[in-house]
Amino acid sequence: VIDDRIRSVIGDYAKLSGDLGALADDDDLYAAGMTSHASVNLMLALENEFDVEFPDRMLRRSVFESVASIRAALLELTAEAAA
Amino acid sequence: MSLTADRETAFAVTVRRIAEDVAAGAADAVDRESRFPQEAIEALREARALSAFVPVSHGGEGVGFKELTGACFDLGRACASAGMVFAMHQIQVGCITRHALGTPFFDDYVADLVARQRLIASATSEVGVGGDLRTSVAALTPDGAAVTFEKKGPTVSYGAHADDLLTTVRRSPDADGSDQVLVLTRGDEAALEQTSTWDSLGMRGTCSPGYAVTARVTPEHVLPVPFGEIAAETMVPFSHLLWAHVWLGIAAAAYDRARAFVRAQAGAPGTTPPSAARLSVLATELQAMRAELAGATAEYAGVIESGGSEDLYTVGYAIRINTLKISASERAPRICTAALAICGMAGYKNDTPFSVGRHLRDALSGALMIANERIHATNAGLLLVHKGD
């Protein structure tokens with residue numbers, strides 16, 4: 001379910017040049033056409049969708065480069081919130 | 001001292017000598033006639049300074065990034081145009097040596113750059129993209145075994161004086177505007193047709209009119225990594241830091257003249273002229289600018305000399321390097337204006353030892369080179385996610 005929500009936000013904000021359905025979890029979103037400007041919108045949209053705030057240490061390319069890396073970051077934040 | 005430290009010291013001493021003995025004396029003529037600072041660039045070429053940043057393994061001097069910033073400062077203090085030409089050339093050398101070495105074509109090219117001290121210009125700006133470095137209209141187009149491109153560059157600094165050219169273009173005719181590559185053209189491989197003039201307020205010796213660039217080259221002329229990587233890791237930080245050191249040099253030169261003016265006014269020891277208090281205000285601004293640039297230079301040099309690049313791909317770094325550019329480009333003309341107020345009419349006139357008109361006009365270019373308005377707009381977006389924690 002979390003993956004569907006991540007993919008939905010990516011579809012709305014990452015402005016990929018290819019088909020979202022063909023995107024594997026580990027595929028590089030930047031290589032798929034996401035610009036740095038689009039990545040900032042993606043960060044904001046994910047914060048809204050999941051009601052989290054990414055700390056500055058997470059605001060780096062490697063955290064937002066794939067569905068898998070975004071999921072890992074979100075799980076880390078929600079685990080911290082639950083702890 | 002280590003060999004590297006010896007080479008770095010020799011480079012610094014040589015460039016400072018060229019700045020003081022060659023560039024400074026020609027600065028007024030370069031400005032008045034809006035001509036290329038030929039003698040300074042020729043002296044730098046003879047001193048092999050154009051390949052200073054090339055690694056020793058490839059025949060260069062292997063000097064560090066901090067030494068490059070020092071050279072830009074020294075040259076900018078003597079002649080802003082010479083400093084800016086040197087800075088822009090080193091940006092291109094940085095892009096090639098940090099992102100293209102290891103391919104046979106670029107290994108050979110760098111050997112030639114070292115041997116013949118080739119001067120490299122760039123065509124990154126383009127008509128129709130609103131000053132966005134990361135968007136191109138022109139595209140690399142396959143043509144048999146070759147690739148071709150045509151680009152309308154509104155400002156190509158020292159295009160008529162450079163040996164070679166680096167140009168940003170889209171990867172292919174159907175690529176997005178941001179899917180860019182960087183292409184090297186040597187000598188006649190690119191044809192430049194001048195499309196506008198360069199009778200400018202300042203930085204007159206950079207000779208930066210518009211050109212229509214057309215080229216047909218082999219695909220190996222394309223740098224082997226996406227331009228997005230080159231921009232983030234090298235072109236943007238190199239540009240902002242090297243330009244800023246040229247601006248710091250201009251500001252320091254204006255300060256030098258204001259200080260000399262105040263000193264000449266000083267009467268008996270024990271009393272200070274009224275303008276001395278304003279000189280103290282000016283010194284405060286200059287020191288803040290120096291400190292800001294030193295910190296940003298150390299941060300970037302530390303990242304690239306440790307071989308890392310991941311720290312350059314953070315929202316925090318993007319904001320810091322953008323902010324540095326805005327701050328330095330606004331502070332330099334402010335310092336020149338304050339120096340003018342101290343020197344008064346002697347500063348306003350173009351033919352006194354205290355003239356600062358050239359410095360002020362040169363410094364005003366900073367806010368326009370990648371317009372500060374555009375950078376503020378970018379930062380405004382980044383600051384929405386950046387918490388500053």
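**Notes on the predicted model: cores first, then chain A**

1. Start with the largest nonpolar core, which has 121 residues. The residues with the most contacts inside this core are B:Phe11, B:Leu44, B:Phe65, B:Phe86, B:Ile96, B:Phe238 and B:Trp247. Helix α6 of chain B (residues 227–265) gives the largest share of this core, 20 residues. Keep in mind that this is a predicted model.

2. Setting aside its neighbours within four places in sequence, B:Leu44 touches B:Val15, B:Ile18, B:Ala49, B:Leu50, B:Leu75, B:Phe86 and B:Gln117. Apart from that core lies another one, of 31 residues, and its members include A:Val9, A:Ile10, A:Ala14 and A:Val63. As background, nonpolar side chains tend to be buried together in soluble globular proteins.

3. Now for chain A. You'll find 3 helices and 0 strands there, so to read the chain from the N terminus is to go α-α-α. Its C-alpha trace spans about 40 × 25 × 20 Å along the principal axes.

4. How does the radius of gyration of chain A sit with a compact globule? A compact globule of 83 residues would come out near 12 Å, and chain A has 12 Å, which agrees. Of the contacts in chain A with a separation of 6 or more, 50% are between residues 24 or more positions apart.

5. Last, the surface and charges. In chain A, 45% of the 83 residues are buried. The chain exposes about 4300 Å², with carbon and sulfur atoms supplying 49% of that. Chain A carries 7 positive and 16 negative charges, and their mean positions are 3 Å apart.

Conventions
Residues are numbered from 1 along each chain as its sequence is written. Chains are lettered from A and ligands numbered from 1 in the order in which they are written. This is a predicted model: local features need pLDDT of at least 70, side-chain atom pairs count only at pLDDT 80 or more; totals for chains, interfaces and linings use all residues. Side-chain values use heavy atoms; hydrogens and water are left out. Helices (H or I, at least four residues) and strands (E, at least two) are DSSP runs, numbered from the N terminus. The radius of gyration is taken over C-alpha atoms; the globule rule is 2.2 Å times the number of residues to the power 0.38. Buried means under 20% relative accessible area, exposed over 50%, partly exposed in between (1.4 Å probe, protein chains only). Contact means heavy atoms within 4.5 Å. Accessible areas come from the Shrake-Rupley method with a 1.4 Å probe; for residues, only the protein chains shown count as cover. Lys and Arg count as positive and Asp and Glu as negative; His and the chain ends are not counted. The place of a charge is taken as NZ of Lys, CZ of Arg, CG of Asp or CD of Glu. A nonpolar core is a set of buried Ala, Val, Leu, Ile, Met, Phe, Trp, Tyr and Cys residues joined through side-chain atoms within 4.5 Å.
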